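Hello,

Here is the structure I said I would pass on. Please look it over before reading my notes, which follow below it.

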Amino acid sequence: MNEIDSLHMARALRLAERGIYSTSPNPRVGCVLVKNESVIAEAWHQRAGEGHAEILALEQAGENAKDSTCYVSLEPCNHSGRTGPCTEALIEAGVSRVVYAMEDPNPLTAGAGVETLRAKGVQVDGPLMEKEAARINAGFVKRMSTGRPFVRLKMAMSLDGRTAMSDGNAFWITGPRARADVQRYRARSCAVLSGWKSVQKDNSQMTVRPEEFELDEENVGDRQPLRVLVDSHLRLDNQARFFQAESPILVANLEREGAGDTDHINYLKVDAEEDHLDLDNLLDKLGEMEINELFVESGSELSGAFMRAGLVDELLVYVAPKLMGSDARSLFELPLQKMAESLPLHIKEIRQIGGDIRITAMPEME
């Protein structure tokens, strides 16, 4: 593989990112077809149930696909689901070479696409730009390898580490551009999770509002992520504003299972850990529901529980340039007593978002 291969793969990865808001629960995949050093077709997987990136690119190229090179950000699938196997389509089209960014993360099918293509005389090279490809599909990779979603925890705080005044008032800590950035993370997620106390206090709906933050140009469309409410004993009033928005809701609790009173509400009974939900069991169940990325937006108690249990894959902290004082509420409920108990983090990125700062960090694994 050479610089030209990297150039075309970089384009395939950019195409894959166009599906960041719409492919759930499928992976985001981009594809570029090249022949005689010229791009003859390019495509990306747009939404589940529709054509995969390779199929759409082959349709564009038509008969010109024969003897071309296919650059694709994920190993071509070798199985039939809602669509046919991409390996079969590539072979039938006469593609002579396939370059893939990363292997299929599903342990049951990993390598099968490469093996099938090579058996039919197609030259296959890869992986190429594997880390970049895995980053785009962090949730899909996590679910395929562990059975659980990728958990992204968002918090907003003042410069002195406070999230709300002592009376609970938190509107608004951060500015409009930071809040728009949060909307983008909501929109890309398969599910958004919050606790009943936070929803009640903020009178929130936890929906994506693309028109408010001008996200239409980013292919958000009208998809709403599943809204997961953690409410162990069903204490949130069913007349709350949260329940009025008609996008799907899943109420995780200790008492009830099945459909709710309206079509958009379902109840999920989760194992108990003392008198709280077992968060490990909840993530297992969400993985079974094909949730790739889980976006947690909640208060200090539930967020602290996720952190203490070691269930957070990525932490987003928005820091506002203001001081809220020593009587204001802290970021997490983490009753740590000794320095040895502290939770170390690896900072991946610090970025200015409007007047605020976004810190992206990962808990360091032991």
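**Salt bridges**

K197 has a relative accessibility of 47%, so it counts as partly exposed, the class between the limits of 20% and 50%. Please keep in mind that this is a predicted model.

K197 is in a salt bridge with E301, at an N to O distance of 3.3 Å. The two residues belong to distant parts of the chain, 104 residues apart: K197 is in helix α8 (residues 196–202) and E301 in helix α12 (residues 300–308). E301 is also partly exposed, with 36% relative accessibility. Elsewhere, salt bridges with shared partners connect R28, R152, R188, E293, E314 and K348 in one network. The search of the whole structure gave 20 salt bridges.

R152 and E314 form a salt bridge with an N to O distance of 2.6 Å. R152 is in strand β6 and E314 in strand β16 (residues 314–320), so this pair ties together parts that lie 162 residues apart in sequence. Are these two residues buried or exposed? Both R152 and E314 are buried.

R148 and D284 make another salt bridge, and their closest N and O atoms are 2.8 Å apart. This pair also links distant parts of the chain, at a separation of 136 residues: R148 sits in the loop between α6 (138–146) and β6 (150–158), while D284 is in helix α11 (residues 279–288). D284 has 31% relative accessibility and therefore counts as partly exposed.

An open sheet of 10 strands runs in the order β11-β12-β10-β9-β8-β15-β6-β16-β19-β18, with mixed pairing. Its edge strands, β11 (258–259) and β18 (345–353), each pair on one side only. Strand β10 (residues 249–253) runs parallel to strand β12 (residues 265–269), and 5 bridges join the two. In this pairing, A252 is opposite L268 of β12.

Which strands does helix α7 touch? Helix α7 (residues 176–188) packs on the sheet and is in contact with β6, β8 (191–195), β15 (293–297), β16, β18 and β19 (356–363). The direction of helix α7 makes about 140° with that of β15.

R184 is a residue of helix α7. With 25% relative accessibility, R184 counts as partly exposed. The C-alpha atom of R184 is 33 Å from that of E255, and the two residues are 71 apart along the chain.

**A surface patch and one histidine**

I347, I350 and I357 make up a nonpolar patch on the surface, and together they have about 270 Å² of accessible area. I357 is in strand β19. Its relative accessible area is 33%, so I357 is partly exposed.

At the other end of the numbering, H8 is in helix α1 (residues 3–17). H8 counts as buried because its relative accessibility is 11%, under the 20% limit. Leaving aside residues up to four places away in sequence, which residues does H8 touch? H8 touches V32, V34, V39 and Y71.

Regards

Technical notes: Residues are numbered from 1 along each chain as its sequence is written. This is a predicted model: local features need pLDDT of at least 70, side-chain atom pairs count only at pLDDT 80 or more; totals for chains, interfaces and linings use all residues. Side-chain values use heavy atoms; hydrogens and water are left out. A salt bridge is a side-chain nitrogen of Lys or Arg within 4 Å of a carboxyl oxygen of Asp or Glu. Helices (H or I, at least four residues) and strands (E, at least two) are DSSP runs, numbered from the N terminus. Buried means under 20% relative accessible area, exposed over 50%, partly exposed in between (1.4 Å probe, protein chains only). Two strands pair if DSSP finds at least two bridges between them. Contact means heavy atoms within 4.5 Å. Axes are lines fitted to C-alpha atoms, for helices over the stretch in contact, and angles run from 0 to 180 degrees between N-to-C directions. Patches are made of residues with over 30% relative accessible area and no salt bridge: like charges are joined within 9 Å, nonpolar side chains (Val, Leu, Ile, Met, Phe, Trp, Tyr) within 5 Å. Accessible areas come from the Shrake-Rupley method with a 1.4 Å probe; for residues, only the protein chains shown count as cover.
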